[in-house]
Amino acid sequence: MISKSVLTIGNFDGIHIGHRKLLNRLTEIAAANMLNSVVITFSDHPAFTLNSAATPKLLCPPMLKERELHALGVNDVAMLQFTPGMAQQTALQFLRNYIVPSWKPEIIIMGYDSHFGFNRQGNYEFLSRVAPDFGFHVEYVPPLLAGDKPVSSSMIRNLLLHGNIILANSMLGKPYCLTGNVAKGIGKGTGFGFPTANLQLATPHQLIPKDGIYLSKVHLQDASFFGLTNIGSSPTVKHTGIVEIETFLLDFSGDIYGYPIELELLQYLREEKVFRNESELISAMQQDLSKAQEIISAEAGN
């Protein structure tokens, strides 16, 4: 038998602090009314189906999104694949054919940009109008503002693309995380004394932030290490022009090829540069390492 629920619907890309305000209300209502808390979301951004030529890069791969939603106390996460057929369904059809029979909502929570159905017709006003016909209530959660603008996934994407990782992380409520597996590189870093783990993204269209050197933290199964991450094409030693994500793990040695890793970006240290020779590159990397160690020590002392 399907439990009655309080639910919300949305893309929730990044699960930022604005999303968390809404999700906190969801779990609060669920606990107070002994209801099942449900999030209906999508495994990929709907824009990939609606307009593949102008798709926003993902902040949060589906596996990470589902895990974080459960960690925030959501009971059930319906991770839907947004198909062309779904895109053509009216809001009333989606409500009648899927939401109501699948989840039996007593309360539906909507944010300022919550919507579903053809032409985004399924918003707070629509649900308020049809709620008496289906026997549920609707609640609106106002947006969380950054200055005079709502915190949004697009705002965070813009910050990441400009290297403003600290402000992006504050709006995410956590460090921005790239996920995937360690892939083989050309081995140049080892020769410089800085062996690196090359990240192959699990979701190829996850957003890669601005090129440069970052202080990072790498999670490897049950262990975590601080790192220096280079995002860019390494123009001093490589000439492919391909952007790669390479991380030197501090206080670590071992072969982790093929391992799944989660890479959190903590602070932007400097832009990627072209050096005259490898000696200048090594000197810069040593300076990066010293700066990273200073930051880590300062944070540990706070």
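Biologist: Hi! Is Cys 60 buried or exposed?
Modeller: Cys 60 is buried, at 5% relative accessibility. Buried means under 20% relative accessible area, exposed over 50%, and partly exposed in between, using a 1.4 Å probe and protein chains only. Keep in mind that this is a predicted model, where local features need pLDDT of at least 70, side-chain atom pairs count only at pLDDT 80 or more, and totals for chains, interfaces and linings use all residues. Residues are numbered from 1 along each chain as its sequence is written, and side-chain values use heavy atoms, with hydrogens and water left out.

Biologist: Which cysteine sulfur is closest to that of Cys 60?
Modeller: That of Cys 177, but at 8.3 Å the two sulfurs are too far apart for a bond. A disulfide here is a pair of cysteine sulfur atoms within 2.5 Å. Cys 177 is in no disulfide, and Cys 177 is buried too, with a relative accessible area of 8%.

Biologist: And how many disulfides in the whole structure?
Modeller: The search finds 0.

Biologist: OK, new topic. Which residues have the most contacts inside the largest nonpolar core?
Modeller: Leu 160, Tyr 176, Leu 178 and Leu 265, in a core of 29 residues. A nonpolar core is a set of buried Ala, Val, Leu, Ile, Met, Phe, Trp, Tyr and Cys residues joined through side-chain atoms within 4.5 Å. Elements that each supply at least two residues of this core include helix H7 (153-161), helix H8 (165-172) and strand E8 (176-183). Helices (H or I, at least four residues) and strands (E, at least two) are DSSP runs, numbered from the N terminus.

Biologist: What is Leu 178 in contact with, leaving aside neighbours within four places in sequence?
Modeller: Among them are Leu 199, Leu 207, Ile 245, Ile 261 and Leu 265. Contact means heavy atoms within 4.5 Å.

Biologist: What about a second core?
Modeller: There is a separate one of 25 residues, which includes Ile 40, Ile 108, Ala 131 and Phe 136.

Biologist: Now Val 243. Where does that lie?
Modeller: In the loop between E11 and E12. Val 243 is partly exposed, with a relative accessible area of 40%. Its C-alpha is 4.5 Å from that of Gly 232, 11 residues apart along the chain. Beyond neighbours within four places in sequence, Val 243 is in contact with Ile 208, Asp 211, Ile 231, Gly 232 and Ser 233.

Biologist: Last one: how many helices and strands are in the chain?
Modeller: The chain has 10 helices and 13 strands. Of its 302 residues, 48% count as buried.
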